[in-house]
Amino acid sequence: MGFKKNFVWGAATASFQIEGAADKRGDSIWDVQCRQPGQIYGGHDGTVACDHVNRFREDVALLKELGIPNYRFSISWPRVLPEGTGKVNEEGLQFYSDLVDCLLENGIEPYVTLYHWDLPQSLMAKGGFLNPDFPQWFEAYTEIVARKLGDRVKNFFTFNEPQCCIGLGYYVGNNAPCIKGLPLENMVPLVHRCLKAHGLAVRKLRQLVPGVKVSIVPCGSAAIPLTDSPADLKAATDHYFACRENDYFSVSLYCDPVVLGKYPDEYLAYAEKHLPEGWKDDMAIISEPIDFISVNIYYGDEVRCGSDGKPEVLPHAVGEPRTAIGWGIAPDALYWAPRMLHERYHLPVFITENGMSCHDAVSLDGKVHDPNRIDYLHRYLLALRRAADDGVDVGGYFQWSLMDNFEWCLGYSQRFGLIHVDFQTLKRTPKDSAYWYGQVIASNGESL
Ligand code: GCO
């Protein structure tokens with residue numbers, strides 16, 4: 001069976017991680033974090049990044065040359081609205097319009113993420129996600145983007161990894177805006193606000209963009225059942241969709257309200273008392289239908305049914321293969337997560353990010369040989385194809401990332417790209433994996 005005929009093959013990036021041209025936009029919360037001493041590896045920042053704003057035509061030409069027909073990128077809210085609301089930076093908005101034109105002229109379909117973590121600092125000064133007006137700010141920003149790009153862009157994602165921008169941003173505290181340990185009574189309305197902002201954006205996009213397809217992008221560690229026994233399968237599924245107190249990495253916390261129109265019972269048991277007044281009325285907005293479920297998956301944990309009947313997460317094996325960033329390699333994550341998501345939500349599943357960080361370098365022959373990445377992608381894509389073979393409606397796969405870029409707190413120390421970027425000269429060199437991936441795409445995955 002394999003991948004369906006119209007399977008969406010692509011590569012992904014995000015605004016702050018590649019764009020640079022920081023002087024032509026407002027500050028985002030990540031600029032502020034970069035200025036804090038000791039916060040980012042090597043004191044790196046997003047001022048230049050891959051200089052994509054000035055080199056986007058070259059980058060689109062590479063997408064075409066490599067045979068990658070779909071491109072997921074994000075819009076920098078502070079480039080469009082330097083103050084977060086109010087006056088539009090026409091030049092900034094035009095950049096995205098030009099990028100979209102260039103993609104379409106080259107036969108590449110744009111997939112736009114509205115929020116990939118770079119909140120305008122001027123909105124953070126008003127509380128960011130903590131401000132009750134946040135959903136309306138996001139709705140207004142969405143409207144501006146939809147009016148400008150909606151005649152040409154038909155695929156939108158609202159929030160990238162709410163788990164991270166909320167969990168790491170307002171609870172763990174290592175990602176912008178670096179708020180640590182916000183109590184449940186503040187976190188619960190904050191999550192609700194993000195979900196409401198998502199729903200309002202979906203509505204707005206449906207009003208303004210004929211034929212639009214919309215989704216939200218959660219992430220998380222996949223749960224891989226240790227054996228195929230029904231008990232282990234149930235344990236892994238329960239673990240994957242668990243929603244424990246103070247665990248903002250839960251998948252069900254974000255996806256259940258959006259797709260099923262209700263918070264998980266497990267969550268309501270401890271969180272309901274903190275939900276804002278009238279929250280039940282918001283559920284219709286929050287669960288405005290989406291078109292597919294999209295998820296970023298890099299790793300997974302093995303889970304079995306423990307002797308007490310509860311899910312037991314198994315320790316990772318000593319010496320297991322790991323990527324340069326230190327993440328374990330677990331190809332079956334791309335089988336189990338799509339399968340579990342599809343069974344629970346009955347929507348097509350898109351993998352919106354998957355890939356690996358390697359210590360890539362340009363060799364004497366001028367090429368970048370990255371056999372480890374090819375092996376990684378090969379294994380993960382085989383698992384995804386197996387999911388499709390087993391009847392999971394797998395709609396697409398976006399490799400992370402098109403090019404090496406700013407890996408948040410780890411600065412430029414991590415190389416996730418199919419294209420190597422020399423951060424001194426900004427020269428792009430497609431890696432071996434980029435050509436390999438192009439062949440996989442050309443065969444619709446049959447070459448795997
Ligand atoms: C995330 C983001 C990306 C990362 C990538 C590698 O998942 O953290 O979506 O921006 O760069 O995932 O960590």
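**View A. The second largest pocket and its lining.** Welcome to this close-up, where 13 residues line the second largest pocket, and G300, E302, H316, E320 and A330 are those nearest its centre. Please keep in mind that the model is predicted. The volume of this second largest pocket is about 210 Å³. Strand β8 (residues 300-305) supplies the largest share of the lining, with 3 residues. Sorted by class, the lining of the second largest pocket holds 6 nonpolar, 4 charged and 3 polar residues.

**View B. The largest pocket.** Here you can look into a space of about 660 Å³, the largest pocket. Its lining is made up of 35 residues, with E161, C164, C219, F249 and Y299 nearest the centre. Two or more lining residues come from each of α8 (162-172), β6 (222-225) and α10 (230-240). Of the residues lining the largest pocket, 20 are nonpolar, 9 polar and 6 charged.

**View C. Strand β2 and its neighbours.** Strand β2 (residues 70-74) is largely enclosed by the rest of the structure, because 5 of its 5 residues are buried. If you follow the side chains, N70, R72 and S74 point one way from β2, while Y71 and F73 point the other way.

View D. Strand β1 (residues 8-12) runs parallel to β2, and 3 bridges join them.

Note on methods. Residues numbered from 1 in each chain as written. Predicted model: local features only at pLDDT ≥ 70, side-chain atom pairs only at ≥ 80, totals over all residues. Heavy atoms only, no water. 1 Å grid on protein atoms, 1.4 Å probe; cavity = no way out; pocket = protein on both sides within 12 Å on 5 of 7 lines; lining within 4 Å. Points joined across faces, edges and corners; volume = space filled by probe spheres on them. Helix = DSSP H or I, 4+ residues; strand = E, 2+ residues; numbered from the N terminus. Nonpolar A, V, L, I, M, F, W, Y, C, P; charged D, E, K, R; others polar. Buried < 20%, exposed > 50% of the residue type's maximum accessible area, 1.4 Å probe, protein only. Pairing = 2+ DSSP bridges.
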